[in-house]
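Take a walk through this fold, one region at a time. Begin with the strands, then turn to the pocket and end at a single side chain.

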Amino acid sequence: MSDEDAVDAVVSAWHRERPDLDLTAIGVAGRMGRLALVLGPAQERVFGKFGLQRGEFDVLAALRRSGPPYTLIPSELSATLMMSRAGMTSRLDRLEKAGFVERALDPNDRRSFRIRLTDQGFDAVDAAMTEHTANVSELLSGLSGKDLSLLDDVLRKLLDHLDPQS
């Protein structure tokens, strides 16, 4: 592991120009941004192998995690994934067209639909989740178990500070 990285170079340059600023948080935020740029595409490649985009995987995963009968109403999916109902509708349209989900009228409320994971969707999300887990484990393999636990705790604390509803 090198002692300095690209973020250090940026922070160092700013420190030279603005020695009056505490740039510690800039370094941390810069590294988090770079990590997102590295981790995102690496995860997208896995989802793409299964004909999915990240958002579509998220919908299938939410249905799969819900347990039998793997059915939710669109508003539950929207709330779980923290997205608009309009955005959810377009994802559901694509997933239904691909045969991963089915829409059916809610027997308890004929004005509403229930979204059910199909057998094909179940198989796809299980296979994608297996490969996604292995991929993320490999991506983070440069950290020890203790480091991962500490990082998880720190990130949880930061998320709680920035987004208490999360």
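Two strands count as paired if DSSP finds at least two bridges between them. The model here is a predicted one. Strand 1, residues 71-72, pairs with strand 3, residues 109-117, over 2 bridges. The sense is antiparallel. Within this pairing, threonine 71 stands opposite arginine 116 of strand 3.

Strand 3 also pairs with strand 2, residues 101-106. These two run antiparallel as well, joined by 6 bridges. Alanine 104 has arginine 114 in strand 3 as its bridge partner. Between strand 2 and strand 3 lies a hairpin of 2 residues.

Now the largest pocket. Its space comes to about 1,000 Å³. The lining has 27 residues, and those closest to the pocket centre are Met32, Leu35, Leu39, Leu151 and Leu155. Of the lining residues, 19 are nonpolar, 3 polar and 5 charged. Which helix gives the most to this lining? Helix 7 does, with 10 residues. At least two lining residues come from each of helix 2 (24-49), helix 3, helix 6 (119-139) and helix 7 (145-162).

Helix 3 spans residues 54-65 and holds glutamate 56. Is glutamate 56 buried or exposed? Its relative accessible area is 7%. Buried means under 20%, so glutamate 56 is buried. Leaving aside residues up to four places away in sequence, glutamate 56 touches Gly51, Arg91, Arg94 and Leu95.

Methods. Residues numbered from 1 in each chain as written. Predicted model: local features only at pLDDT ≥ 70, side-chain atom pairs only at ≥ 80, totals over all residues. Heavy atoms only, no water. Helix = DSSP H or I, 4+ residues; strand = E, 2+ residues; numbered from the N terminus. Buried < 20%, exposed > 50% of the residue type's maximum accessible area, 1.4 Å probe, protein only. Contact = heavy atoms within 4.5 Å. 1 Å grid on protein atoms, 1.4 Å probe; cavity = no way out; pocket = protein on both sides within 12 Å on 5 of 7 lines; lining within 4 Å. Points joined across faces, edges and corners; volume = space filled by probe spheres on them. Nonpolar A, V, L, I, M, F, W, Y, C, P; charged D, E, K, R; others polar.
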